[in-house]
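Notebook open, structure loaded. I'm jotting down what I look up as I go.

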Amino acid sequence: MKKKLLSALLTVAMSAALLTGCGASTPAETPAEGGDTTQTEAPQEEAPQEEASAEGGSVYYLNFKPEQDEAWQKLAEAYTAETGVEVTVVTAASGQYETTLMSEMGKSSAPTLFQVNGPVGLANWKDYCYDLAGSDVYGQLTNESFALKEGDVVYGIGYVIESYGLIANKTLLETAGYKVEDINSFEALKACAEDITARSAELGFSAFSSAGMDGSSDWRFKTHLANLPIYFEYQEEGIASTPAIKGTYLDNYRAMWDLYINNSTCDPAELSAKTGDDSRAEFLDGKAVFYQNGSWEYGSLTAEGAYTDDDLVMLPIYIGAGDEANQGLCTGTENYWCVNSQAEEADIQATLEFINWCVTSEAGTTAMANDMGFVIPFKAAVESPNLFVKQDTAYTAEGKTPVSWNFTTMPSEEWKNGVGSALTAYAADQTDANWDAVVAAFVDGWATEYSLAN
Amino acid sequence: MEKALRKYGPLFVLPTFAAFLIGFVYPFFQGLYLSFCQFTTINNAKFIGLGNYLKVFQDTSFLDAFWFTALFSVVSILSINVFAFALALILTRDHLKGTNIFRTVFFMPNLIGGIVLGYIWQILINCILSLVGQPLLALNTKAGYWGLIILMCWQQIGYMMIIYIAGLQNVPEALTEAASIDGATSWQTLWKVKLPMVMPSITICVFLTLTNSFKLFDQNLALTAGEPAHATEMLALNIYQTFYARAGAQWKGLGQAKAVIFCILVIVISLIQFRATHSKEVQQ
């Protein structure tokens with residue numbers, strides 16, 4: 001009996017350990033899943049002949065953008081075919097970049113090329129960033145402001161310029177009796193959206209696609225939309241970052257959020273469970289006229305002939321602040337290339353050559369423009385076929401001022417999550433008290449998180 | 001035979017022992033060391049002394065997570081064990097047909113991973129909440145809490161039931177027979193004979209449910225992810241968030257220190273529990 005029980009206990013304890021895993025006490029040791037397929041050992045015999053310094057070096061790029069994974073793999077192959085230098089590209093799963101990077105960096109064959117998302121992301125990886133000040137690729141930048149600098153040290157180089165705004169379905173807009181040119185201010189947008197809502201049963205579509213607050217979609221509002229009140233406040237104060245935000249334009253933020261959630265395809269109380277895919281699908285199905293997102297969506301909106309360039313347009317996000325007549329799209333970057341300073345010298349050189357090749361060679365620039373749909377801030381850039389990107393250029397040519405990306409100065413992810421939670425709660429129950437919670441998360445949360453991070 | 005075992009035993013133990021050293025002992029002590037360090041990756045750790053531990057106690061979210069975990073554990077341990085024992089009693093009756101099928105059915109939820117279960121239950125619970133016009137899980141602390149308890153009950157009752165069944169089947173028939181001859185009611189037999197005899201099973205089950213509840217991570221992450229605003233965040237998830245969701249070297253060591261405290265906490269609590277129930281076991 002005793003013996004039987006003991007063996008039963010042991011069996012149970014063992015299977016329990018198997019079932020629950022035992023990583024809780026030692027998270028630092030858990031290796032990343034998914035990133036393990038890499039083989040970055042450089043084949044010595046394939047080293048390029050012309051560059052002595054990079055001899056034997058190889059490149060390991062930990063890519064941030066899942067949409068562009070295939071294009072990067074192809075480009076890497078092309079580079080290997082041309083120069084013999086091995087390039088491994090691994091793409092982290094969406095939303096898992098920091099986690100993957102952290103565990104990959106702990107390995108002996110760490111990424112030689114990785115990316116940070118701006119000054120806040122840099123805080124984590126500063127010790128690993130090779131100073132790119134004298135590098136060829138830095139010299140290729142069209143404007144120094146695209147580099148991530150502190151003093152004279154260049155930690156990162158912005159490699160893609162993106163825009164976001166309100167993507168509109170022109171056909172539906174015309175069905176509803178509006179022209180793109182009509183939507184030129186917050187008031188006009190509000191009138192249009194509310195009119196569509198009033199007639200939505202008859203029209204068969206709504207004004208806005210669902211403003212999903214699921215993790216796959218909430219960044220559109222807690223980060224991208226929140227950029228606008230921050231931008232206008234920075235403009236007013238003449239600053240580029242701040243330890244304490246005042247929230248001068250939060251009423252505009254509220255008005256815009258109200259507009260999004262109350263003129264949408266679904267009940268605002270259900271937003272917490274709506275995903276990014278839901279929202280895109282609604283727009284693709286012609287159930288909504290407006291869809292807030294960015295130039296990176298161009299591929300999925302035009303894939304398989306869903307929409308053509310004639311159907312789509314990207315409008316600036318008007319929140320009723322600043323000079324709306326001259327407001328452009330929100331344009332900037334949060335993708336900075338960094339070279340791992342703790343990698344082997346030969347690998348660093350190989351990496352520098354690789355990224356320089358990407359932005360100067362014909363194959364590289366063409367791939368980045370056409371296959372990836374990027375606008376790259378480098379001298380040799382090829383024009384991208386991306387409609388939204390072209391529109392950004394057109395707006396700027398008309399003399400409109402692009403709204404800069406200030407969300408890279410948001411104090412932390414935690415701050416964004418706080419704002420996101422409060423926004424979701426407010427959407428479900430739109431009371432002043434709940435909005436006060438958003439304001440508290442925005443203003444007080446900023447100060448708290450800033451002091452924690454600095 | 002004995003001799004051969006003694007001679008070659010160590011050789012056979014070696015692979016598992018090596019795996020244990022590499023996979024558990026080494027990381028455990030490295031983790032302990034890292035909790036005194038500031039680091040981004042484990043290769044560039046800088047020793048900073050007790051700073052991380054001091055910060056843990058200033059972090060209110062950790063304490064909140066502790067209370068939430070404690071509250072969750074108490075209710076889930078009680079409900080899982082009571083239901084599991086009741087099921088075991090029903091399914092050990094001789095005259096009931098198809099007990100094996102029922103045992104299999106009740107055990108099955110255990111074969112599904114926590115993450116998958118979490119997402120499935122999230123959809124189910126959200127559907128119900130939306131039907132009755134309540135705020136969805138991401139906004140509803142109460143629903144998140146009860147959702148976690150329902151989910152854990154659903155998953156664990158079958159497993160504990162199997163252990164209780166094993167215990168109940170080991171109660172010697174002589175004892176129950178003697179009890180019935182002496183005129184004990186079935187209720188009295190249960191309390192005075194069966195229960196003391198299955199104390200070893202109770203020790204195991206309470207130990208397992210206790211540690212499982214305290215260490216709960218997957219289900220918490222998938223079902224609520226700590227929403228709304230960390231209100232349903234349990235200790236393990238809080239540690240994970242500190243470690244991974246925060247940018248900056250100062251957070252990694254803090255997360256590690258939390259993990260060490262968490263580990264000690266779980267060990268201490270389960271030792272106390274083990275002593276308490278173990279002392280009630282009876283010899284046959």
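Started with contact range in chain A: of its contacts between residues at least 6 apart in sequence, 74% join residues at least 24 apart. Contact here means heavy atoms within 4.5 Å.

Ground rules before going on. This is a predicted model, where local features need pLDDT of at least 70 and side-chain atom pairs count only at pLDDT 80 or more, while totals for chains, interfaces and linings use all residues. Residues are numbered from 1 along each chain as its sequence is written, chains are lettered from A and ligands numbered from 1 in the order in which they are written, and side-chain values use heavy atoms, with hydrogens and water left out.

**Confidence.** I checked the scores next. The predictor gives the complex an ipTM of 0.72 and a pTM of 0.76. For chain B the mean pLDDT is 88, and 99% of the residues score at least 70; pLDDT is the predictor's confidence in each residue, from 0 to 100.

**Chain A overall.** I count 18 helices and 12 strands in chain A. These are DSSP runs numbered from the N terminus: helices are H or I with at least four residues, strands are E with at least two. Of the 454 residues in chain A, 55% are buried. Buried means under 20% relative accessible area, exposed over 50%, and partly exposed in between (1.4 Å probe, protein chains only). Chain A exposes about 18,500 Å², and carbon and sulfur atoms supply 50% of that. Areas come from the Shrake-Rupley method with a 1.4 Å probe; for residues, only the protein chains shown count as cover.

**Cores.** Which residues touch the most other members of the largest nonpolar core? They are Trp257(A), Phe290(A) and Phe442(A), in a core of 77 residues. Helix H11 (residues 250–262) of chain A gives the most to this core, seven residues. A separate core has 61 residues, including Phe72(B) and Trp251(B). A nonpolar core is a set of buried Ala, Val, Leu, Ile, Met, Phe, Trp, Tyr and Cys residues joined through side-chain atoms within 4.5 Å. Leaving out residues up to four places away in sequence, Trp257(A) has Met213(A), Phe221(A) and Trp435(A) among its contacts.

**Ser272(A).** I found this one in the loop between H11 and helix H12 (276–284) of chain A. Ser272(A) counts as buried because its relative accessibility is 9%. Beyond four places in sequence, Ser272(A) touches Met213(A), Asp214(A) and Thr424(A), plus Leu136(B) and Ala138(B).

**Thr40(B).** Buried or exposed? Thr40(B) is buried, at 3% relative accessible area. Thr40(B) sits in the loop between strand E1 (37–38) and strand E2 (46–47) of chain B. Its contacts, again skipping residues up to four places away, include Met102(A), Trp125(A) and Tyr128(A), along with Ala249(B) and Lys252(B).

**Glu413(A).** Glu413(A) belongs to helix H17 (residues 413–428) of chain A and is partly exposed, with a relative accessible area of 35%. I also looked at Ser94(A): its C-alpha is 15 Å from that of Glu413(A), with the two residues 319 apart along the chain.

**Met108(B).** Last stop. Met108(B) lies in the loop between helix H4 (99–107) and H5 of chain B. Met108(B) counts as partly exposed because its relative accessibility is 46%.
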